[in-house]
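User: I would like to go through this structure with you, please. Could you show it first?

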Amino acid sequence: MLKIGVLASGRGSNFQAVLDAIKAGKIKSEIKVLISDKANAFALERAKQNGIEALHISAKAFPSMDEYFVAVAEELKKRDIGLVLLAGFMRIVRRPLLDAFPWKVMNIHPALLPSFPGLHGQQQAVDYGARISGCTVHFVDAGMDTGPVIIQAAVACNADDTEDTLSERILKYEHIIYPEAVRLFAEGRLDVKGRKVFIKDSRPYPTDAIINPPVE
Ligand code: GRF
């Protein structure tokens with residue numbers, strides 16, 4: 001069975017969403033370890049409450065970020081991890097981790113990439129006056145939110161939206177599409193070819209309307 005490792009820096013609601021989907025029997029996998037770079041991350045608490053090993057590995061203890069990610073990759077390898085999930089992990093992942101887990105690191109971003117990468121994707125959409133934004137699950141490459149897209153979901157934006165109102169609307173969809181992407185991976189249905197992710201045996205997306213992915 002697929003063993004998952006999660007990296008998180010904050011509250012960990014996406015970690016919780018994946019965990020809930022596993023508990024509900026929707027994803028055949030197990031979260032083995034939650035690693036945080038922040039000692040006070042609520043995600044560490046969530047892990048403990050759910051009987052999942054919680055590790056705090058501070059980047060400050062390492063002379064460089066490359067060495068930090070060597071250490072993180074070692075901890076993940078030790079536990080035979082087959083998929084690494086970034087869930088509000090506030091650091092750019094470096095080569096040592098990516099090379100140890102080729103196309104096995106996923107991230108969720110709160111905008112429709114390639115629009116609004118980096119920090120505060122929701123605020124960027126509000127400031128730009130976008131009418132549609134959303135969220136993206138993608139495989140992680142060495143760039144900033146540039147890896148191959150797995151699933152996206154769209155939400156409407158209104159001119160009077162604030163970062164908070166839009167974030168709340170987007171977060172609901174994050175909690176749907178992240179577990180969905182993990183499920184597809186666990187079922188061995190994701191194939192990366194160049195920039196594109198092919199999903200085996202999936203229903204095609206309707207092309208005549210802006211519509212969210214068929215979830216199943
Ligand atoms: C989410 O908005 C996610 O898209 C972004 O960071 C936030 C993390 O939230 N990468 P949580 O810690 O999963 O609640």
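User: Where is Asp-201 found?
Analyst: Asp-201 is in the segment after β9 (196-199); helices (H or I, at least four residues) and strands (E, at least two) are DSSP runs numbered from the N terminus. This is a predicted model, in which local features need pLDDT of at least 70, side-chain atom pairs count only at pLDDT 80 or more, and totals for chains, interfaces and linings use all residues. Residues are numbered from 1 along each chain as its sequence is written, and side-chain values use heavy atoms, leaving out hydrogens and water.

User: What phi does Asp-201 have?
Analyst: Its phi is positive, about 55°, although Asp-201 is not a glycine. Most residues other than glycine have a negative phi, and most peptide bonds are trans.

User: And His-120, is its phi positive or negative?
Analyst: His-120 also has a positive phi of about 55° and is not a glycine. It lies in the loop between β5 and α5.

User: Is the peptide bond from Leu-113 to Pro-114 cis or trans?
Analyst: That bond is cis, with omega near 10°. Pro-114 belongs to the loop between β5 and α5 (121-128).

User: Changing topic: which residues surround the ligand?
Analyst: The ligand is surrounded by Arg-11, Gly-12, Ser-13, Asn-14, Gly-88, Ile-108, His-109, Pro-110, Gln-122 and Glu-174, each with a heavy atom within 4 Å of it.

User: How far is the backbone of Gly-12 from the ligand?
Analyst: A backbone N or O atom of Gly-12 is 2.8 Å from a ligand oxygen atom. A polar backbone atom of Ile-108 lies 2.9 Å from a nitrogen atom of the ligand. From the side chain of Glu-174, an N or O atom is 2.8 Å from an oxygen atom of the ligand.

User: How much of the ligand does the protein cover?
Analyst: The protein covers 87% of the 360 Å² of accessible area that the ligand has on its own, computed by the Shrake-Rupley method with a 1.4 Å probe.

Technical notes
Polar contact = N/O pair within 3.5 Å; in protein donor to acceptor, adjacent residues only side chain to side chain.
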